[in-house]
Amino acid sequence: AHPAEKVGLTFDPPALVEEIAEDAARIEHPLPLLESALKYLWEHRENGTMTLATYRQIGGVTGAITQWADKAYRDLSPAEQKAAKQIFTRLVHCGQGKVPDARESLTLKKLVANPDDQAELDATHRLVTKLADANLLVTDETRDQERAEANLFAADKKDRQETVEIIHDTLLTEWGELRGWIDTEREFLL
């Protein structure tokens, strides 16, 4: 709350900060979800105030990422939407019985039908980058940049293959669009 106060941002009610913190504390690896929720609240602030009504409207910390995902998906062209559906379903390892669905990390080349087709690779890379910029996917490039910014990692990417994965497990369960794709394609994906 203190950094927000420095830029004149307020919370209505002030207890909203505690509610957000409590919601985040119930989630394993909450930072990507918390980032989405706070970014959404920031973008929908009213006269410099982030409100409980907006927070509840988005469904709290976990709901924000689904709204984020819906908007990012709607902003894609029809061809990109079709390709995004294929990318997302490829990045899911379907569980069976009591084993839940999980994110899967794949190289960019494994996301395309013909890895020798440079045009297809380039188009997929552009879409993956767009989805990573929308905080729905994460790539080696994203991780390398974060590590380099933290001075933890100096990357020699010359011989590496870029990998891609869905940003958070919550997207698999909470984003209705993806959940529908997984359920529809489950038999094929298995």
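The axes of H6 and H7, fitted as lines to C-alpha atoms over the stretch in contact, come within 11 Å and cross at roughly 80°. The two helices are therefore roughly perpendicular to each other (65 to 115 degrees between N-to-C directions). The model is predicted, with pLDDT of at least 70 needed for local features and 80 or more for side-chain atom pairs, whereas totals for linings use all residues. Residues are numbered from 1 along each chain, and side-chain values use heavy atoms, without hydrogens and water.

In the contact (heavy atoms within 4.5 Å), Glu80, Ala83, Ala84, Ile87 and Phe88 of H6 meet Thr124, Leu127, Val128, Lys130 and Leu131 of H7. These residues divide into seven nonpolar, one polar and two charged.

The second largest pocket has a volume of about 250 Å³. A pocket is an open set of points on a 1 Å grid, with protein on both sides within 12 Å along at least five of seven lines, and its lining residues have an atom within 4 Å of a point. The lining comprises 14 residues, of which Ala83, Gln86, Leu111, Glu120 and Thr124 lie nearest the centre. Helices H6 (78–90) and H7 (118–133) each give two or more residues to this lining, and H6 gives the most, with six. By class, the lining has eight nonpolar, two polar and four charged residues.

Asparagine 135, in the loop between H7 and strand E6 (137–139), has a positive phi near 65°. Asparagine 135 is buried (under 20% relative accessible area, 1.4 Å probe), at 15%.

Notes. 1 Å grid on protein atoms, 1.4 Å probe; cavity = no way out; pocket = protein on both sides within 12 Å on 5 of 7 lines; lining within 4 Å. Points joined across faces, edges and corners; volume = space filled by probe spheres on them. Helix = DSSP H or I, 4+ residues; strand = E, 2+ residues; numbered from the N terminus. Nonpolar A, V, L, I, M, F, W, Y, C, P; charged D, E, K, R; others polar. Axes fitted to C-alpha atoms, helices over the stretch in contact; angles between N-to-C directions. Parallel < 35°, antiparallel > 145°, perpendicular 65-115°, else oblique. Buried < 20%, exposed > 50% of the residue type's maximum accessible area, 1.4 Å probe, protein only.
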